[in-house]
Amino acid sequence: MIYQALTDLWAGFGVALQPHNLMWSFFGVLIGNLIGVLPGMGALSAISMLLPLTYTMHAIPAIMMLAGIFYGSQYGGAIGAILLNLPCHPPHAVTCLDGYPLTKQGKGGTALGITMIASFFAASFGIIVMIFASPLLVSIAFEFGPTEIFSIMLLGLLCGGTMSKGSPLKGVAMTVVGLMIGIVGTDVNSGTQRFTFGLIELSDKVELVALALGLFGVTEFLRSVNRMDAVGSGIKVTLRDMRPSKAELKRSFFPMLRGTLIGTLFGAMPGTGPTITTFIAYAFERKLSKTPEKFGTGMIEGVASPEAASHSKTQVDFIPTMSLGIPGDAVMALILGALLIQGIQPGPQLITEHADLFWGLIASFWIGNLLLIVLNIPLIGIWVKLLRVPYRYLYPSALFFIAVGVYSTNNSLFEIGEVLVFGVAGAIFVALKFPVAPILLGYVLGPMVEENFRRAVLLSRGDLMVFVQRPISAGFITISALLVAAQIFFAMRAAFHKRKSAALRPRMAGNVPVTDD
């Protein structure tokens, strides 16, 4: 099996190093790096804006470009966090805690150097895990029928809904909203139009590009519309500053290793975002430290561990997405949608049916991460200057490109209206503290869940027990039930503690000791 995996990887390098594939991979990591530096943009907005471009591309360079944007943005996000105390994206918020104090001590370049080393080490480990873990799924690929696919998609929906930021109930509600949006259009089996409200433009379906750009592009613009400031500064970083000493490398090695393992573990778990991964890695490192009180004052371990966790998770995220069809977060859901647009069905059989895409993508990860190191060394000064772009120029420009990108998809002004509607709805949901990422997850997985459920019930002649009679399906159904039960238990326990503390407050207030003057 190891020999076969290495042979397939060698063939993948042959695919990834083809000039046009290499060009699009380079373009993806360059754009991702740039987007990662700019506050508020993020990989999700960038992939949403560039998704229409993939309609006219072959599947392999299209997915390589989108993947490059994803892991390229992880590199760029650390720059603002370390040099400016500016968490451009939530996963890098924890990097600010020790990264910015290091900058104030004149060691910002060292922190960036450690970040680059940790990132490449963690990404390489994640790629190796993907190389040897994915073929194991091939061996059970032919055991997956519509029953098993429905069960695993159901687990993916529950993971994305209940493990999203904030209330699990709100997450599930937003997943249901996504499911409702996903079934708009013409039913494949009966030809009946569903939830189109008489609008012929909705007879096909709601466009993925319009939904993604509305929820993440326009929503972010509406949230930031009152920000008129520029956030950059005159910080300069030279190549010499970025070379850590042997002592700093020694201090960073084990935190880097532990962060990599934490990111790998969470990457294999659908529904866990990169933010929680980096915070857990930081908390774990602080717990193990002999001097936990120094964390937050410029500890190099507080930079190496969370950054390694972020990058290993980014790579391992592709395992459940490509091999099982379960996206780990909103970005993975968007990449899953891009695969479906290309006519490629994610799942255990993707590795055998589209081996050139799968192994070419894995090989491009290594090439892309090497390109990022080469790019970041000379261009960090330019990235820092880009942080000076005022919001009043940045977001209107982004809004213009969103409109152009959506219109170019089908030359339809109606879809620009869809973007506006979803953007306003997304802003309202965010203001009410409802997570919008589960909407995209529900939209992407919903039609697949419905299709495989109907197919499984049809094959079993209406017997719903088929979902628990087949071992693999029963396992996923059991995990789904345990996940729901765990969320109910934690909610009830939190409510119990809240009532208990509320009942104790009056009693404690009445027991205030009285002293004689």
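The legends below describe close-up views of a predicted model.

**View 1. Confidence along the protein chain.** The mean pLDDT of the protein chain is 78, and 82% of its residues score at least 70. Among the elements of the chain, helix α18 (residues 413-431) has the highest mean pLDDT, at 88, whereas helix α17 (residues 391-410) has the lowest, at 72. Where pLDDT is low, the predicted coordinates should not be read in detail.

**View 2. Helix α2 and its buried residues.** The buried residues of α2 are N21, S25, G28, V29, G32, N33, I35, G36 and V37.

**View 3. The packing of helices α10 and α12.** Helix α10 (residues 246-267) packs with helix α12 (residues 301-316) at an angle of about 30 degrees, and their axes lie 7 Å apart. The crossing of α10 past α12 is right-handed. Residues that make the contact include P255, M256 and G259 of α10 together with A304, A308 and S312 of α12. Sorted by class, this contact of α10 with α12 holds 7 nonpolar, 8 polar and 3 charged residues.

**View 4. The crossing of helices α14 and α19.** Helix α14 (residues 330-341) and helix α19 (residues 437-459) cross at roughly 35 degrees, with axes that come within 9 Å, and the crossing is left-handed. Here A330, A333, L334, L336, G337 and L340 of α14 meet A437, L440, L441, V444, L445 and M448 of α19. By class, the contact of α14 with α19 has 11 nonpolar residues and 1 polar residue, but no charged residues.

Technical notes. Residues numbered from 1 in each chain as written. Predicted model: local features only at pLDDT ≥ 70, side-chain atom pairs only at ≥ 80, totals over all residues. Heavy atoms only, no water. Axes fitted to C-alpha atoms, helices over the stretch in contact; angles between N-to-C directions. Helix = DSSP H or I, 4+ residues; strand = E, 2+ residues; numbered from the N terminus. Left-handed = near helix turned anticlockwise from the far one by under 90°. Contact = heavy atoms within 4.5 Å. Nonpolar A, V, L, I, M, F, W, Y, C, P; charged D, E, K, R; others polar. pLDDT = per-residue confidence, 0-100. Buried < 20%, exposed > 50% of the residue type's maximum accessible area, 1.4 Å probe, protein only.
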